[in-house]
Amino acid sequence: MTMKRTMVYADAEDMTVIKEAATERGISEAEIIREALHLAALRYRRRGKPLGLRRFDSGDPTLADRADSIVRESMGRGSAGDED
């Protein structure tokens, strides 16, 4: 990854938090700042095209209403009113 040097101004309290976090994690303050910049860039980045997520039809019009109980059952917890 090619890096570019830049200068930014930061709030003194934010820098104190960054310094403490860097010390706790054993990494540099710069690493925390680079991660924050990367997350900010991801937030503002525009996608050129949609994700292309596929849709499906289960054929069961009640599926969405029953999703919570299906998940509970699959985790071995039964539905809300069931006794184990």
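Reply: The model is a predicted one. Its protein chain exposes about 8,600 Å², and carbon and sulfur atoms supply 52% of that area.

Me: What makes up the secondary structure of the protein chain?

Reply: The protein chain holds three helices and zero strands, and its pattern along the sequence is α-α-α.

Me: Why is the protein chain called more spread out than a compact globule?

Reply: For 84 residues the globule rule gives 12 Å. The radius of gyration is 24 Å, well over that value, so the chain is more spread out than a compact globule. Along the principal axes, the C-alpha atoms fill a box of roughly 60 × 40 × 25 Å. Of the 84 residues, 8% count as buried.

Me: How do you know that helix α3 falls short of the span of a straight helix?

Reply: Helix α3 covers residues 63-74, which is 12 residues. At 1.5 Å a residue a straight helix would reach 16 Å, but the end C-alpha atoms of α3 are only 14 Å apart. Just after α3, G76 takes a positive phi of about 80°.

Me: Why is M15 called partly exposed?

Reply: The relative accessible area of M15 is 25%. Buried means under 20% and exposed means over 50%, so a value in between is called partly exposed. M15 lies in helix α1, residues 12-25.

Me: Which residues does M15 touch, leaving aside those up to four places away in sequence?

Reply: M15 touches A10, E29 and I33. As for K4, its C-alpha atom is 21 Å from that of M15, at a separation of 11 residues in sequence.

How values were computed
Residues numbered from 1 in each chain as written. Predicted model: local features only at pLDDT ≥ 70, side-chain atom pairs only at ≥ 80, totals over all residues. Heavy atoms only, no water. Helix = DSSP H or I, 4+ residues; strand = E, 2+ residues; numbered from the N terminus. Rg over C-alpha atoms; globule rule 2.2 N^0.38 Å. Buried < 20%, exposed > 50% of the residue type's maximum accessible area, 1.4 Å probe, protein only. Areas by Shrake-Rupley, 256 points an atom, 1.4 Å probe, with all protein chains shown as cover. Expected span 1.5 Å × (residues − 1). Contact = heavy atoms within 4.5 Å.
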